[in-house]
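Morning, everyone. Please look at the model on the screen while I talk.

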Amino acid sequence: MIAKTFFGLESVLAEELASIGATEIESVNRAVSFEGDLGIMYKANYLCYTAIRILKPIAAFTVQNEDELYNELLNIEWWNYMDVDQTLAIDAVVNKSNITHSKFAALKSKDAIVDSFRNKFNKRPSVDVENPDLRINIHIFKENCSVSLDSSGTSLHKRGYRSQVDKAPLNEVLAAGLIKLSGWQGKTDLIDPMCGSGTLLIEAAMQAYGIPAGYYRDYFGFMGWKDFDQKLWEKVRDESLDLQKEPECKILGVDHSFKAVSIAKENIKSARFHKDIELRHTSFEELKTPFKNGTIITNPPYGERLEESDIIALYKMIGDQLKTKYGGYTAWVLSGNLDALKFVGLRPSKKITVFNGAIECRFAKFEVYEGSRKFSKSNQSKK
């Protein structure tokens, strides 16, 4: 199988897949390939926070043009995977191929699949782009074409808890990946001082409390498959209850925008974390240090999509607040404005490249020492 993800999250997704029992795990660009049975496929969809889609390849061949694509797909026995009265949808991705348009590749693929049914049953299945029984993924790179069944259906980032969004919301899978990359496991208190719609807060709470990534969803693509095993699915879901736990950490979200805090409040309530996540309507500057030490993870405005009167002043403020109030904390800042990030005024101990949509970002780690770094190290050597 293939688990799709965002650039930069391949390593954490590989770790997640290993933890659920997947084998032959290999990271590739924006994806991780692995092997497993039906139960592993269900678990990958339900438990992996950093997966966008779980694909099951069923065929691979070379194609020079759209006619060859049509003929290859026509020869697949599609009735093994769906009934003629079920619905289908095609997702096609084309790169460096003689077939230049992904929508045309999808259309040609659809024609081949429905024609294969018409040839055998004198009847054809219907297309449903929104909620198909079978979603088929066609991936063409140069001359190589792979055909997969999409076991997820709707993208796995659509958790099902987010009822409202503020401007430029953070993707749920990316938010979960940032928490994983930071190493935070619910053992220290967590603050997001620019929390927006609350996505980072909710994803952190889900991981800290052991709530599965797919907990809020009613439907996955594999439920429409001919081999769907209801009892096995219920077993996977029931066993996930053993992963749930009660962490001792506190989670706090702060935002200067009343609208953002209101939206975050609704989303947190929808995720049923209203008793576990605290929200405050205030600015980072005015926030009094809430915990003796802890972890900060935040996604401040970059300046590209959001209007900021002075983006440099914002990043200077972040650095000033960290230096004056948050000694002993570890802070992680995601930014797509690489120049502005320098104005934090602290040397990052780690920088990880990720993408937020089409924006190349850095996820920077700042270790804020109590007193000077030199003093801190000398104290450690004496101990």
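I'll cover ring pairs, then charges over rings.

This is a predicted model, where local features need pLDDT of at least 70, side-chain atom pairs count only at pLDDT 80 or more, and totals for chains, interfaces and linings use all residues. Residues are numbered from 1 along each chain as its sequence is written, and side-chain values use heavy atoms, with hydrogens and water left out.

Rings first. The structure holds 20 aromatic pairs. A pair means rings of Phe, Tyr or Trp (its six-membered ring) with centres within 6.5 Å; planes under 30 degrees apart are stacked, over 60 edge-to-face, the rest tilted.

Take Tyr46 and Phe220. Their ring centres are 6.4 Å apart and their planes sit at 75 degrees, so this pair is edge-to-face. Tyr46 is in helix α2 (residues 38–47) and Phe220 is in the loop between α6 and α7 (230–239), so the pair ties together parts 174 residues apart in sequence. Helices here are DSSP runs (H or I, at least four residues), numbered from the N terminus. Both residues are buried, meaning under 20% relative accessible area with a 1.4 Å probe, protein chains only.

What does Tyr46 form with Trp233? Another edge-to-face pair: 5.2 Å centre to centre, 80 degrees between the planes. Trp233 lies in helix α7, so this pair ties together parts 187 residues apart in sequence. Ring pairs link Tyr42, Tyr46, Phe220, Phe222, Phe228 and Trp233 into a cluster.

Now charges. A charge sits over a ring if NZ of Lys or CZ of Arg is within 6 Å of the ring centre and within 35 degrees of the ring normal. Arg30 lies over the face of Phe355, 5.3 Å from the ring centre. Lys120 has its charged end over the ring of Phe121, at 5.9 Å from the centre.

Technical notes
Helices (H or I, at least four residues) and strands (E, at least two) are DSSP runs, numbered from the N terminus. Buried means under 20% relative accessible area, exposed over 50%, partly exposed in between (1.4 Å probe, protein chains only).
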